[in-house]
Amino acid sequence: MASLQAIKYSRGKLLVLDQLRLPHEHHYDEVSTAEEAFECIRSMRVRGAPAIAIVAALAHAVELQNGGCTATTPEDTIAYIESRLDYLKESRPTAVDLSNAIALLKLAARATKLEGLAYPEAKEAILNSYIEAAENILAKDLENNTSIGSYGAAWLQQQFNATPDRPLSVLTHCNTGSLATSGHGTALGIIRSVHAQGLLKHAFCTETRPYNQGSRLTSFELVFEGIPATLITDSMAAALFAQQRARMNIGAVIVGADRVVRNGDTANKIGTYALAVLARHHGVKFVVAAPTTSIDLDTENGDGIKIEERKPEELTQISGAVVEPDGKVDTTRTARVAIADQRIAVWNPAFDVTPHTLIDAIVTERGTVVKGADGRFDFSQVLPERWRR
Ligand SMILES: CSC[C@@H](O)[C@@H](O)C(=O)COP(=O)(O)O
């Protein structure tokens, strides 16, 4: 079975699946410039921390490959690349993957060996360094997610002694699957891996108001993969734990991350913090799946995270395919509907910060990090070079 792909890339061409049209329509947009990538990210046609970074990096690679840089000197070429990256960085502020990717791409361009080269070879060498580094981000993300899946599944198996005879159920929030990454996914990647090992009883996913990444995207991915799953509204999580935890053996909430800071505080989709509080109350483990590209060791704690606030219409209006009176969904017709008085004041933070005290494990592609006896996360085991100050 083919897997879902949010991003299709070959050198010189980038196609991005329009996630606003899912699950009813599969439409890929060609994204060839930094401006097009900025709009694609800002409007959330692509979303999810790793996917945002990949699209930004590759769109600029396509732009460079197709002659977008008219500079002739190495200094001007690097200045051009950096200015385009600085522009892209502003598209969405909370997910750190984009900033981390940009720092890495700038380094790659600057590290180009230029001895003995003049125009146009020197310029070509810099463009190539950039393009290869951008392509590497795409390839590495898929590798990372597969490792996160394996580490996360191993940690859960060991915590719960899960066996095919005594499988485990989990709850997830937002979308962290193939659609939010280059493939496999992070939190959803763990769920995929647990399922592949025959250890998953059931996956519950939240609707994830206001943008419905859970109902539009995660439930779509779960159905697509044939994983046993149930959709709930965000407000049903407490009742789910109270009524079904024992019967369904619900062991963990597994979520992704937009930014994990030095002390382990984690910014993720709005509603994550509420789930962490509920999980602690009900004795359910709370697990964050985060590639090291989502870790920001320069920010001490959650107070330093900038939270993106989005427009009121995301709460007061909703869009989807039209449902006919007989219950059939007409995927050729979509409608936008007002679901609140349009004059009401709205507060719409896209993310919240879960304090590290409520997090049991942070699963990275280099291993699972848990708190020490002092109650602190120590990322030196997975990021030794960045941990040292
Ligand atoms: C692997 S994706 C991790 C996070 O980016 C995800 O959980 C999330 O919060 C996405 O938010 P979004 O606003 O849809 O980009």
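User: How many residues surround the ligand, and which are the closest?
Analyst: In this predicted model, 17 residues surround the ligand, and the closest are R47, A49, A180, G256 and K269. Residues are numbered from 1 along each chain as its sequence is written. Local features need pLDDT of at least 70, side-chain atom pairs count only at pLDDT 80 or more, and totals for chains, interfaces and linings use all residues.

User: How does that shell divide into nonpolar, polar and charged?
Analyst: The shell has 7 nonpolar, 7 polar and 3 charged residues. Ala, Val, Leu, Ile, Met, Phe, Trp, Tyr, Cys and Pro count as nonpolar, Asp, Glu, Lys and Arg as charged, and the others, Gly among them, as polar.

User: Changing topic, which peptide bonds are cis?
Analyst: A cis bond joins L22 and P23, with omega about 0°. The bond from Y119 to P120 is also cis, with omega near 5°.

User: And where is P23?
Analyst: P23 lies in the loop between β2 (13–17) and β3 (28–30). Strands are DSSP runs (E, at least two residues) and helices are DSSP runs (H or I, at least four), numbered from the N terminus.

User: What is the phi of C174, and where is its place?
Analyst: C174 has a positive phi of about 65° although it is not a glycine. C174 is in the loop between β4 (168–172) and α6 (187–196). Most residues other than glycine have a negative phi.

Key:
A residue is near a molecule or strand if its C-beta atom, placed from the backbone, lies within 6 Å of it.
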